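Here's a quick briefing for anyone meeting this structure for the first time. Take a look at it, then read on.

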Amino acid sequence: MHQTRFFAGIALLALSAGGCGLAAAAPERDVLVPAEPTAIDFVDPATVVGLSTATITNEDDDHSRYVHISYPELTDAPGLNRALRADAERQLRDFRAAKSVNGDYPRPELNVDWQLAARSPEAVAVRLRTGEFLGASWGNSTRTFWFDPRTGRAGGSTALLGGPQALDRLAVLVKEQLKGRGPQVERDGVRADPGQFDSMAFNRSGDLVVEFDDCQIGPCSLGRVAVAVQAGRVTPLLSELGRRAQESVREAARSAPPAGPTTTPKTAPTASPEASSNRAGSVNCARTKCVALTFDDGPGPRTGRLLDLLAAGKARATFFTVGTNAVAQPGLLRRMSAEGHLVGNHSWSHRDLSKQATSKIADSFRRTDDAVRAAIAQEPTLARPPYGAISKDVRDVARDLGLALVGWDVNSRDEPGATASEITDRVVRKAHPGAIILMHDTNPESIDAIPGILKELSGKGYTFVTVPELYGSAAMRAGRLYESGNQQSRKQPLT
C-alpha cells in the first residue's frame, strides 16, 4: 500500500439515530474498531498512480434530461474499467427509458459519482453512488465493484463470497443484525439475492459492511440502511478474493496515520487569497477584442492535452471543476493555475442545485472550494451551477459564500456526437467581443476542436482571457449572474 493512503476521518455518513447504529464487533488484537461499524475508510484517489476520471453527460438530443455519470479509470485495471463503463451505459439506458412522474419539469436527472473502498495489489473496490430524480423525489442507491489484480477480473460484491451457500448464510446473519431496528425495517424483505447484496465492503476491523438502497427493505424515509457482520462470522463465507481484500483493508488501517485532533477542522479560517490568473491585468479588454473560453466538468483524462494546446496557442481559459474530479487529480489544477488559467467551482458531484435545499447547495460549493484550495492554495471566487440551473436559493448561497455565478452566451454544443469541425464552426461563427464560451474538457471532440478555434479566432484579432478580465475594473460581485462580458452588471439583481 506504499502508493496509497486512507483519508483521515473520511467515512460514510453516520446512520440516522433511529436504530441504524450497531454494537461494535468484538475487537481483535491490533485492530482498531471504528466508532460506527458501518463506516468505511476510503482511499485518497490523488495518491493512486495512473488514476483518471471518465465522464458521461447528457446525450438526449433535446436536453430534456440531466445526466452526469463519473467513474474512475485505472491504467492497471482494464477489466475494472470495462465493468464500470458497462454499468454506466446500462444505467443511462434504463434512465432514458424511464418515464417522469411529474411531466417535463423539473427535469429528470441521473447522477453517479464514486469512491475507492479499497486499493492494494490484492484487491481494488469502487463504490458507485447513484441518485435518480424522476420528478417526485430523489432515490439513492449504491453498488460496489471488486477487481482482482491477480486474475484481471472484475465483478459485483458477491465476488467476495464463496458461492450461493455463502450468500444464503450471509442473508441469515444480516437478518440477525437487523433485529431491534424497529417495525419499519422489513427483515423478511432480506433475500439471498445478488441484487440486494450488490454493495459490500470491509471496515477497518475486517467486518463486512452490507448496504441496502433507499426503499429496499423499508420505507424510503429510512434512507440508507447498513449492517456490519463481524469479521469472525463472515470470514468463513469469503472467497479467496474476499479474504485477500479483507486482510488488505485491515493492513491499510493498521498503517494509516491516526485521525482525530491532528485533522484540520473544516470550519478553520483560511488565509488563502482569492483565485486569480497570474497574468490578470496583462490585457485591457476595453481596448482589445477578448473572449473567454470556459471548460466544465473536469479535470479528465484529456485535460493535460488541452493545457498543452492552450499553451501552444498562448491562450488562457477558465476551468469550472467538479469537486470529485478535483480531489482525484489535484496536479492538473496546480498546472492550470501555474499556466495562467483560472479555476472555478462547478459543485461537488454535478447535481442540479436548483432542486436542492440551501444546506446541500452550500455543502456542494464548500466541499469543492476546499478541494480547489487544497490544490492551488487559492479560494475560488467564481461558480457555474451544473446545467446552468439557477434558483433564488442558489443565488443567495453563492452570495453568502462570496461566489459570482457564471453562465455563457456562446454554447459550443460539444455534447457526445458532435464532431470537432462542427464544434469549431459553431464557436467561430457565434464568437463576439466579450463572449463567454461554454465547452467541456471531458469530451475528446472538444479538445480536438481547440486548435481550429484558436487559429480562427486569433486570425480575427481575438485574445483569450479568463472570465473576470472581461469586466476589467468592474469587479464581479458575489451572487450575481454573468453571462457575457457585454452585459451591464449594475442591472443584474442580487437575488
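Helix α7 (residues 330-338) packs with helix α8 (residues 358-376) at an angle of about 70 degrees, their axes 8 Å apart. Axes here are lines fitted to C-alpha atoms, for helices over the stretch in contact, and angles run from 0 to 180 degrees between N-to-C directions. This is a predicted model, where local features need pLDDT of at least 70, side-chain atom pairs count only at pLDDT 80 or more, and totals for chains, interfaces and linings use all residues. Residues are numbered from 1 along each chain as its sequence is written, and side-chain values use heavy atoms, with hydrogens and water left out.

More on this pair:
- α7 and α8 are therefore roughly perpendicular (65 to 115 degrees).
- On the α7 side, P330, L333, R334 and S337 meet V372, A375 and I376 of α8; contact means heavy atoms within 4.5 Å.
- That set of residues splits into five nonpolar, one polar and one charged (Ala, Val, Leu, Ile, Met, Phe, Trp, Tyr, Cys and Pro count as nonpolar, Asp, Glu, Lys and Arg as charged, and the others, Gly among them, as polar).

**Around T442**
- You'll find T442 in the loop between β16 (435-440) and α11 (444-459); helices (H or I, at least four residues) and strands (E, at least two) are DSSP runs, numbered from the N terminus.
- T442 counts as buried because its relative accessibility is 12% (buried is under 20% relative accessible area, with a 1.4 Å probe and protein chains only).
- Leaving out residues up to four places away in sequence, T442 touches T55, D297, G298 and R302.

Note on methods:
Buried means under 20% relative accessible area, exposed over 50%, partly exposed in between (1.4 Å probe, protein chains only). Angles under 35 degrees count as roughly parallel, over 145 as roughly antiparallel, 65 to 115 as roughly perpendicular and the rest as oblique.
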